[in-house]
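Keep the structure open as you read.

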Amino acid sequence: MPRQRTILRENILGASMELLRTSGFNQFTARQIAIKMNSSTQPIYKEFKNMEDLKIGLLDYIKQYLIEQVFSVQESQDPLVEVCKNYILFAKNEPTFFSAIYMDREFEAVQLHDFAYENVKAIIEREEGTRTESSINDYLDRLWPTIYGVAMLVAQGKIVYENETEISQKAADIIQAVKETQH
C-alpha cells in the first residue's frame, strides 16, 4: 500500500507564505521552505514541478489571503475607507511580506497590483453605482497610487502611524482630497 502524504499542497503554500513574511525573497528556496515545514524538499517537488510552479500557486494563495485580510469589508459605514485603511495597516503590520509581494522583482507584483486595483474598483462600483466606467477609472487612477505610496512608505518605516484610527483618518483624508479634485 502506498504511503499517504502527510505534507500537502496547503502546508507547502502556508510555509512558503510564512517564509515570505519573515524573509522576503532573500531566503526563498525549496530548502528553506522545507526547513519551515521540518521536512525534506521531496514533498515540495511532488506537489510542484519547480520553484516557478510553486510561485504561481503561491500567487493564488496570497490573493485569497488578501481577500480575507485586506479587501473584505465588514459592516462598515465607508467600505472604501476601510479597505484603504486595511491596505495601509497590512503594510504597517507586515512590512517584509508587503514589500516581498508588492515591491520585489522576484514576484508577479504586477498581478497583485492589478488584483488590488480591481478589488478597490469593485467597491467603488458598489458604493457609487451612478459613476461611469470612465469616471471610476479616473478616480482610481488618482486614488490608488496615493494609497499605495502611503502604504509603501509605511512598510519602509518612513511614515509611522501609532494606531488604526490614525490610519483610518489618513485614508479618509486621501479619499476626500481625491474626490475634491474630480470634476
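A residue counts as buried when its relative accessible area is under 20%, as exposed when over 50%, and as partly exposed in between. The model is predicted.

Start with Glu94. Its relative accessible area is 17%, so Glu94 is buried. It forms a salt bridge with Arg21, with the closest N and O atoms 2.6 Å apart. This pair links distant parts of the chain. Glu94 sits in the loop between α5 (79-93) and α6 (95-102), while Arg21 belongs to helix α1, and 73 residues separate them. Arg21 is partly exposed, at 22% relative accessible area.

Arg21 has another partner, Glu18. Here the closest N and O atoms are 3.5 Å apart. Glu18 is partly exposed, with a relative accessible area of 31%.

Now move to Glu164 and Lys85. They form a salt bridge, and their closest N and O atoms lie 3.0 Å apart. Glu164 is in helix α9 (residues 164-181) and Lys85 is in helix α5, so the pair ties together parts 79 residues apart in sequence. Lys85 is buried, at 12% relative accessibility. Glu164 is partly exposed, at 42% relative accessible area.

In total, the structure holds 5 salt bridges.

Conventions. Residues numbered from 1 in each chain as written. Predicted model: local features only at pLDDT ≥ 70, side-chain atom pairs only at ≥ 80, totals over all residues. Heavy atoms only, no water. Salt bridge = Lys/Arg side-chain N within 4 Å of Asp/Glu carboxyl O. Buried < 20%, exposed > 50% of the residue type's maximum accessible area, 1.4 Å probe, protein only. Helix = DSSP H or I, 4+ residues; strand = E, 2+ residues; numbered from the N terminus.
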